[in-house]
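Let's take a friendly look at charged side chains and how they pair up. Have the sequence and the model open as you read.

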Amino acid sequence: MADEEIMDQKKYFEDTCKPKCVRPLRAYQECVERIKDDESGHKHCTGQYFDFWACIDTCAAPRLFDKLK
């Protein structure tokens, strides 16, 4: 058992949830595309970024906590 690789369950569940969060990912990517030429540095896509990760967290959290019990 010492040679077995330990798999990060959180990463696994996040990766399985990403296909379910395509809409927030696209919104983030569209925002990044819109502001890529912003020289002022005032525009950002923080809201869209956090929306994407909130979707992933909402999907992954119940399965992850079931494994921790």
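This report covers the model, its salt bridges and one tyrosine.

## About the model

This is a predicted model, in which local features need pLDDT of at least 70 and side-chain atom pairs count only at pLDDT 80 or more, while totals for chains, interfaces and linings use all residues. Residues are numbered from 1 along each chain as its sequence is written, and side-chain values use heavy atoms, with hydrogens and water left out.

## A pair in helix 1

Side chains of opposite charge can pair when their charged atoms come close. A salt bridge here is a side-chain nitrogen of Lys or Arg within 4 Å of a carboxyl oxygen of Asp or Glu. The whole structure holds four of them.

One of these joins Glu14 to Lys10, with 2.7 Å between the closest N and O atoms. Both residues sit in helix 1 (residues 9–17), four residues apart, about one turn of the helix. Helices are DSSP runs of H or I, at least four residues, numbered from the N terminus. Glu14 is buried at 11% relative accessible area, whereas Lys10 is partly exposed at 44%. Buried means under 20% relative accessible area, exposed over 50%, and partly exposed in between (1.4 Å probe, protein chains only).

Which residues are linked in a network of salt bridges? They are Lys11, Asp15 and Lys18. Asp15 meets Lys11 at 3.2 Å, N to O, and Lys18 at 3.8 Å. Asp15 is partly exposed, at 35% relative accessibility.

## Tyr49

Tyr49 belongs to helix 3 (residues 46–68).

Technical notes: Helix = DSSP H or I, 4+ residues; strand = E, 2+ residues; numbered from the N terminus.
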